[in-house]
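Hello,

Here is the structure for your files. Please open it first; my notes follow below.

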Amino acid sequence: MLLCTVVHRIHAQDTTATRCAGQKIEHISIHSAAPTAALLRRIHTIGSIVGAIHTTTNPELIRRFLLLQEGDDCNELRRSESERILRAQPFIASATVDVLPDSFGTVMLDVHTTDEISLVLDGAIGHGHPPLRLIRVGDANIGGEGVYMAGNWRSGGAFRDGYGGRIVDNQLLDHPYTATAEANLNPLGSDWHGEVMHAYYTDIQRIAWRARAGGSDDYVQFLNDINSSHALRVTRSYFDIGGIFRLGPPGKLMLLGGSISGDNERPATNQVLIAKDGFEPDPSRDLLGRYVPHRIARANLLFGVRDIGFAQVRGFDALSATQDLPIGLQLGTMVGRSLSILGSRDNDYFVASDLYVGAANHHGGFRMQAETEARHDNSLGQWDGMLADGRAIEYVKFTHTNTTLASIEFSGGWKQRLPFNLTLSDPVGGVRGYAASNIPGGQRLVIRLEDHQFIGKPFEFGDFGLGAFVDGGRLWAGDIPYGVNTPVYTSVGFSILAAVPAASARLWRIDFAYALRSTGGGRFEVRFGGNDKTTFFLTEPGDIQSIRERTVPSSVFRWPQ
């Protein structure tokens, strides 16, 4: 059973020379370091190449994320929150903010950060021609200014090749605002997205806001046989603008806000088959007439309550990085009402909620996250568009270098207004070893058991570890077209784990998974990837994200994401 019996806040061990206690801050010293390992420094040529590619983060950019300035009274909450905000930035691997006393009764803040590797480079290779299926190249910290820029190319096979790009400025106009622009011309369909936001970084800040717009043109597919899938084209566009403000002291507080949002959903009237060689006529036409267009504009109320602290832990979701594990409870809600004066053609109510629970002790921790949403059609007097997603993880530390993780994950949709299905092949929510599976279902349950062992830091290059895992999951047909009740599909495997530079929160891993069933798309599979799972919120499966209303934040406290 996933259970943590001890629920309390753990204060980080005091590693500074002193603590903030109202002393005057005389000076703030900032030391930003590149992710250069000792091994690279020994190899002059490689070290020169890395130095030419990577520009160390600008100290002034780091200074603007701090919640304390020279001349302020030193406040321990603002010091620890500054440290946590820096660690949360995608281009920073580690950060500390230490307090150093001087002989005059004042103090100096000594800030040390180490960058993540800024080079963005990943791809995919497969059988057939061309062997290269995907490549993405870019820089995650251009000029040391916290700007991410990357472009990608994807082989389209029988369809056109895909191209796209993404740019993110993590400190727009020298303020803690984030601006994002992204566009992709995919082998099938296209999408674009743009937003400007002031994220809710910390309970100390009073307000957060966002403005966003975007659209997509996609084909939602359902399995027909091993060679083709039923598909229906769906075009969507959306906009949203709103904000929230804090009521109450940091840690124990409420958030209250509002937004205006709009969604335009247009399922196509022609159903097709998508095969390996292109489009084909679909004689079944089972999807036609099942989905109808919706044009919705709503006024939304946002509300949340929180009693949250943070425990500094190591070796939970990373090998050796310091992780700020949220402990406590928070609940967020969103209630929306469509308004014809805003251009809405639908008459409905919309509700969404999110729940987070976290706990920790000296031997492990627990975290649970769940989101739900549903719409009430006032014209028909019934609920539809119901969606639920939840994950719970138990961490057990047998030694300071070993961690066992047990998790249970559920996703489901009912009476969806757009074409929708879940599979076991989703990279986040699926079962490793079944990437080739496209059996559709309306609900999915996956259980995982993993063990991670931190080995060490070979040649001071970075962190290195090994892991082993067992996955098991199944689907229920639900009420979706072509849905299937499946048996339990399981896999076993091992992982090679690494973090570069050492103590980075971004965990790179190669998973070798062996499917214990050859049916359902199961096979031996090798997966490679890297991501940061030490963030407050757990990553949501892609097939759930794709069906959510585009203007709904996954959590009020994650606003505006």
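Cys-20 and Cys-74 are both buried, where buried means under 20% relative accessible area, exposed means over 50% and partly exposed lies in between (1.4 Å probe, protein chains only). A disulfide, that is, a pair of cysteine sulfur atoms within 2.5 Å, joins Cys-20 to Cys-74, with an S to S distance of 1.8 Å. The count by this rule is one disulfide. Because Cys-20 sits in the segment before β1 and Cys-74 in the loop between α3 and α4, the pair ties together parts that are 54 residues apart in sequence.

Before the rest, some notes on the source. This is a predicted model in which local features need pLDDT of at least 70 and side-chain atom pairs count only at pLDDT 80 or more, while totals for chains, interfaces and linings use all residues. Residues are numbered from 1 along each chain as its sequence is written, and side-chain values use heavy atoms, with hydrogens and water left out.

The chain as a whole: it has five helices and 24 strands. Helices (H or I, at least four residues) and strands (E, at least two) are DSSP runs, numbered from the N terminus. Of the 561 residues, 50% are buried. The C-alpha trace spans about 85 × 55 × 45 Å along its principal axes.

Next, the cores. A nonpolar core is a set of buried Ala, Val, Leu, Ile, Met, Phe, Trp, Tyr and Cys residues joined through side-chain atoms within 4.5 Å. The largest one has 24 residues, and Leu-86, Leu-109 and Val-111 have the most contacts inside it. Two or more residues each come from β1 (25-33), α3 (59-65), α4 (76-88), β2 (92-101) and β3 (107-115). The most come from β2, which gives four. Another core, of 13 residues, lies apart from it and includes Phe-222, Leu-287, Leu-422 and Ile-547.

Val-111 is in contact (heavy atoms within 4.5 Å) with residues including Ile-28, Ile-30, Ile-62, Leu-66, Leu-86 and Val-97, leaving aside neighbours within four places in sequence.

Last, Leu-329. This residue is in strand β15 (residues 322-338). Its relative accessibility is 43%, so Leu-329 counts as partly exposed. With neighbours within four places in sequence set aside, its contacts include Val-305, Ile-308, Leu-355 and Val-357. From Leu-329 to His-193 the C-alpha to C-alpha distance is 32 Å, and the two are 136 residues apart in sequence.

Regards
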